[in-house]
Amino acid sequence: MNKRVVTIASAGALAVVAVGAGLYITSAPAFEPVGMPAPERLGGPFTLTNEAGEPFGTDDLIGNGALVFFGFTYCPDVCPTELARGAQVVDQLAEADISVTPVFITIDPERDTPEQIGDYVSLFHEDMVGLTGTADEIASVADDYGVFYSRVEMEDSSDYLMDHTSFVYLLDPTGSLVWMFRPTDLVESISETIRQAAG
Amino acid sequence: MFFRGIKYVRAVMVIWAAIMGTAAGHEYQQGDLVIAHPWSRATAPNAPNGVAYLAITNHGAEEDQLISVEAQVSDRTELHMHEMTDGVMRMRPVEGSIALPAGETIVLEPSGLHIMLMGLDNRLVEGERFTLVLEFQNAGTVEVEASIESPGAVLDLHHNH
């Protein structure tokens, strides 16, 4: 009998907590989108080469949204952080039935072969597409998207690093660039911004 | 002194691991320095480079310097710094050493200061560990184990103390 009283009391306490949580959520401030609308001069169709060595481009992305990242596989610090964050966004959106394809485009086509890129992107998300191309093709896409990159030679080393801008580009289901996120934008905020844009 | 220090660290590690029951949150003490949670990221099969991070707290009254790092898993290492200027991420080797001011914690973390592992012998596999040897100006040499986390892991070492 005593045990039953305790159970009822617990249920009552839980109800109070639940109502409290509900009030807290409804009183939360309105959501502010993160990132910025992409300037009209940026974006455009592209066709590059995927992990299998086959042509892949914006035509193949039609019907889905896409999150496009520029980077290089020799980069062990910033690029993985960005791609792992992107994968989280894609998964959060999938839960809301919003299909977005993560796309990684190398700015280091000299070293990033299709195979190397394939190994790299599969670390982050099974649906992630990894693209490379000739130096001219990559330069052209980077120019269209306003991506700055430059090769940095290292002293006493045959290795080199790449400086690059690290915005994340959102393409709508027609393949048009609509929005840009900053590397500092939080995963939850990016997901919510896309959710609202898609809603 | 150095070897006694290492033994002490090992003893602390064993006790610490027993208390925590987990590989996370390991730390090492050498002289006035506490080195918290060295960690790394899993890499792709043919990735040439990897990365390692850790936090160093200097409990002493004098500044120390992290002079060099050696890794068991790569040909060589470099200390690198990321800087964001005008939206462009630039990665550069750190000139000289990393200063460890008295009473402060220096955190090596994603998109900031980090240890680049150049020329990996094998891919780094999540869940495994490897040895890093840190050389300090005053505290001498200390050997630590870095735990390999997921490829894009971001661990926050700012609140470990």
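Which strands of chain A does helix 3 (residues 114–121) lie across? Helix 3 of chain A lies across strand 5 and strand 6 of chain A, and runs at about 150 degrees to strand 6. Helices (H or I, at least four residues) and strands (E, at least two) are DSSP runs, numbered from the N terminus. Axes are lines fitted to C-alpha atoms, for helices over the stretch in contact, with angles from 0 to 180 degrees between N-to-C directions.

The model is predicted; local features need pLDDT of at least 70, side-chain atom pairs count only at pLDDT 80 or more, and totals for chains, interfaces and linings use all residues. Residues are numbered from 1 along each chain as its sequence is written, while chains are lettered from A and ligands numbered from 1 in the order in which they are written. Chain A has a mean pLDDT (the predictor's confidence in each residue, from 0 to 100) of 85, and 82% of its residues reach 70 or more. In residues 1–9 of chain A the pLDDT is below 50, and this stretch has zero contacts in the model beyond near neighbours in sequence. Where pLDDT is low, the predicted coordinates should not be read in detail.

Chain A holds an open sheet of six strands in the order 1-10-9-4-5-6, with mixed pairing. Two strands pair if DSSP finds at least two bridges between them. Strand 1 (36–37) and strand 6 (129–131) of chain A are at the edges; each has a single partner strand, so one side of each lacks a neighbour in the sheet. Strand 4 (residues 65–71) and strand 5 (residues 100–106) of chain A run parallel, joined by seven bridges. A:Gly71 is placed opposite A:Thr106 of strand 5.

Helix 2 (residues 78–95) of chain A lies across strand 4, strand 5 and strand 9 (168–171) of chain A, at about 175 degrees to strand 4. The axes of helix 2 and helix 5 (residues 187–198) of chain A come within 9 Å and cross at roughly 45 degrees. Helix 2 of chain A is therefore oblique to helix 5 of chain A. Angles under 35 degrees count as roughly parallel, over 145 as roughly antiparallel, 65 to 115 as roughly perpendicular and the rest as oblique. Residues of helix 2 that meet helix 5 of chain A include A:Arg85 and A:Leu93; among those on helix 5 are A:Ile190 and A:Arg195.

Between the chains, 24 residues of chain B are in contact (C-beta atoms, placed from the backbone, within 7 Å) with 21 residues of chain A. Strand 6 of chain B supplies the largest share of the side of chain B that touches chain A, four residues.

Technical notes: Two residues are in contact if their C-beta atoms, placed from the backbone, lie within 7 Å.
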